[in-house]
Amino acid sequence: MVPKRLKAAREAAGLSQGKLAELIGIEGVSLNSRLSNYESGRFTPSFDVIVRIAKALDYPESYFYTIDDDVAEAILKYHRDKNSDALNPFYDAQDDARKYKTSLDEAKKMVERLLEFISKSAS
């Protein structure tokens, strides 16, 4: 793990070490010093801890392990933009398709009720 990435991600989220420790469920006497040790590189967190940190901060796990700064930033950008039109031109189309399907289902139910009403009226 690259320690400076953990500190940068935590600070970008506006969280103290204690608050992040609380969010990821680290327990113990000195939560701040535990995260401080991770951020300084004195100790390396387990992969499970990194997964919890990544989820809490909305970062991809790989961001914390990539040595090259430019690659790490590209990974983070992709993570944040993965549902954008630029990376997924069908993203909005998929959303529209779900809305149209819902409208179509509602229209089918209305037609069924109308046909049922007409059938009862004709009898």
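**Helical architecture and side-chain interactions**

Along the sequence, the protein follows the pattern α-α-α-α-α-α, amounting to 6 helices and 0 strands; helices (H or I, at least four residues) and strands (E, at least two) are DSSP runs, numbered from the N terminus. The model is a predicted one, in which local features need pLDDT of at least 70 and side-chain atom pairs count only at pLDDT 80 or more, whereas totals for chains, interfaces and linings use all residues. Residues are numbered from 1 along each chain as its sequence is written, and side-chain values use heavy atoms, with hydrogens and water left out.

Of the 123 residues in the protein, 24% are buried, where buried means under 20% relative accessible area, exposed over 50%, and partly exposed in between (1.4 Å probe, protein chains only). The protein exposes about 8600 Å², of which carbon and sulfur atoms supply 56%; accessible areas come from the Shrake-Rupley method with a 1.4 Å probe, and for residues only the protein chains shown count as cover. Among contacts (heavy atoms within 4.5 Å) between residues at least 6 apart in sequence, 47% join residues at least 24 apart.

Charged side chains come next. The structure holds 9 salt bridges, each defined as a side-chain nitrogen of Lys or Arg within 4 Å of a carboxyl oxygen of Asp or Glu. One of them joins the side chains of Arg-10 and Glu-39, with an N to O distance of 2.5 Å. This pair links distant parts of the chain, 29 residues apart: Arg-10 belongs to helix α1 (residues 3–12) and Glu-39 to helix α3 (residues 31–40). Both partners are buried, and for Arg-10 the relative accessibility is 7%. Leaving aside residues up to four places away in sequence, Arg-10 touches Leu-15, Ser-16, Gln-17, Leu-20, Glu-39 and Leu-57.

Other salt bridges lie within a single helix. Arg-52 pairs with Asp-48, and their closest N and O atoms are 3.3 Å apart. These two residues are 4 residues apart in helix α4 (residues 47–57), so about one helical turn separates them. Arg-52 is partly exposed, at 29% relative accessible area, and Asp-48 is likewise partly exposed, at 45%. In helix α6 (residues 91–122), Asp-105 and Lys-101 are also 4 residues apart, about one turn of the helix, and their side chains form a salt bridge of 3.0 Å, N to O. Here Asp-105 is partly exposed, with a relative accessible area of 28%, while Lys-101 is exposed, with 51%. A further arrangement is a network of salt bridges linking Lys-4, Arg-5 and Asp-69.

Rings of Phe, Tyr and Trp (its six-membered ring) pair if their centres lie within 6.5 Å; planes under 30 degrees apart count as stacked, over 60 as edge-to-face and the rest as tilted. The ring centres of Tyr-59 and Tyr-63 are 5.0 Å apart and their planes stand at 55 degrees, so this pair is tilted. Tyr-63 and Phe-64, by contrast, have ring centres 5.4 Å apart and planes at 85 degrees, which means that the pair is edge-to-face. Together, Tyr-59, Tyr-63 and Phe-64 form one aromatic cluster. Each member is buried: Tyr-59 has a relative accessible area of 7%, Tyr-63 has 4% and Phe-64 has 0%.

Two arginines accompany this cluster. Arg-5, a member of the salt-bridge network with Lys-4 and Asp-69, lies over the face of Tyr-63, 5.6 Å from the ring centre. Arg-80 lies over the face of Tyr-59, 4.8 Å from the ring centre. A charge sits over a ring if NZ of Lys or CZ of Arg is within 6 Å of the ring centre and within 35 degrees of the ring normal.

Finally, the surface carries a nonpolar patch of about 510 Å², made by Val-111, Leu-114, Leu-115, Phe-117 and Ile-118. Patches are made of residues with over 30% relative accessible area and no salt bridge; like charges are joined within 9 Å, and nonpolar side chains (Val, Leu, Ile, Met, Phe, Trp, Tyr) within 5 Å. Ile-118 is found in helix α6 and is partly exposed, with a relative accessible area of 47%.
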